[in-house]
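Hi,

Here is the structure I said I would pass on to you. Have a look at it first, and then read my notes below.

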Amino acid sequence: MRKRILAYRRLNDQQLDQLSERFHVDYFGKLKSPDDPAFREALGEAHGLIGAGVTLTPELLDAAPSLEAIASISVGVDNYPVEELTRRGILLCNTPDVLTETTADTGFSLIMSTARRVVELAEYVRRGDWKASIGPEQFGSDVHGKTLGMVGFGRIGQAVARRGALGFGMKILYANASPKPALDAELGAHHCELDELLQQSDFVCAIVPLTPETRQLIGAREFELMKESAIFINISRGQVVDEAALIEALESGRIRGAGLDVFEQEPLPADSPLPRMPNVVALPHIGSATHETRTAMAQRAVDNIMLALEGKRPLSPFNEEAWAGRFD
């Protein structure tokens, strides 16, 4: 009997065909809630899951007694109870590498657009307010030659830093990561404590995974340490920041601006002041949202789940200890 895969994120026809050649596939491409009765019923017979955007609770895992492996179409795994999965012997795979450069593009576009006030001034032109040559009240600030502070220095953080150091001659500081001598030599980067980074950086870019230690890592105290001219960028998770403290810092002029791709609640609630602030560039969580990258992420997940359910080592297992002894 063929094993069953439950897919709950959009896959293209070729990817679905690839899965269907070897497995029975229950496909929920537009799943709105894990409480969907058909989804819950399919969980009961699923050996593998492939998808993203659904928080898997222990209660949902209880409804999937045959589950062997999960392939998340994401790098972050904060929607998964990793320790519980490992305890149950359920393998979790993610999609590192394939979205690194695209997400770094998004991060650096936020740096550029906030510094040069691109969105604000495009609206200025759109409204018909451009009647004469602009003056200091419309000026932005330079990016080249400034100090870029990376809060987190994993794959994506390093890719953002390379853009800054090699493309714009920026000085790179990094915190919340172990020292990386090779990158220090390549980029002229400097490892430091978070407080030093906040005090010295012109741009502070958060790109850390969401963990108990990083939840609300940046709050009122941290914004107080930043320069008044600083711009804060968040391309990690909204919960890494105390959003109320960020709003207060922006409204009071404690910091100059923010470029945000992630928020505490997504989509943003209608009463959030962030999209209406002229010193904020707010995006709808587009970090990896290009046709090429989303297709590559889904393909990596397809490859991961197929290999796992065939007893072979996936391309990117996250909690490989869950299957200790099952791989050579």
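The chain splits into domain 1 (4-97 + 291-325) and domain 2 (99-282), with bounds that come from an automatic or database domain assignment. Before you go on: this is a predicted model, so local features need pLDDT of at least 70 and side-chain atom pairs count only at pLDDT 80 or more, while totals for chains, interfaces and linings use all residues. Residues are numbered from 1 along each chain as its sequence is written, and side-chain values use heavy atoms, with hydrogens and water left out.

The C-alpha centres of the two domains are 33 Å apart. Domain 1 brings 8 residues to the contact and domain 2 brings 6 (contact means heavy atoms within 4.5 Å). About 640 Å² is buried between them, and carbon and sulfur atoms give 50% of that; buried area is the accessible area (1.4 Å probe) that two parts lose on being put together, summed over both. On the domain 1 side, Asp-78, Asp-97 and Thr-293 supply 68% of the area buried against domain 2, more than any other three residues.

There are also 2 salt bridges between the domains (a side-chain nitrogen of Lys or Arg within 4 Å of a carboxyl oxygen of Asp or Glu). Asp-97 pairs with Arg-155 in a salt bridge, at 2.7 Å from N to O. Arg-155 sits in helix H7 (residues 155-168) and Asp-97 in the loop between strand S5 (91-93) and helix H5 (100-115), 58 residues apart. Helices (H or I, at least four residues) and strands (E, at least two) are DSSP runs, numbered from the N terminus.

**More salt bridges**

How many salt bridges does a search of the whole structure find? It finds 23. One of them joins Glu-68 and Lys-3 (3.0 Å, N to O). Glu-68 is in the loop between helix H3 (58-62) and strand S4 (69-72) and Lys-3 is in the segment before S1, so the pair ties together parts 65 residues apart in sequence. Elsewhere, Asp-62, Glu-84, Arg-87 and Arg-88 form a salt-bridge network.

**Helix H1**

In helix H1 (residues 13-20), Gln-15, Leu-16 and Leu-19 are buried (buried is under 20% relative accessible area, exposed over 50%, partly exposed in between; 1.4 Å probe, protein chains only). Down the helix axis they fall within an arc of 100°, so they line one face of H1; the arc is that of the directions from the axis to the C-beta atoms. They pack against strand S1 (4-7), strand S2 (24-27) and helix H12 (291-309). Asp-13 and Gln-14, on the other side, are exposed.

Cheers
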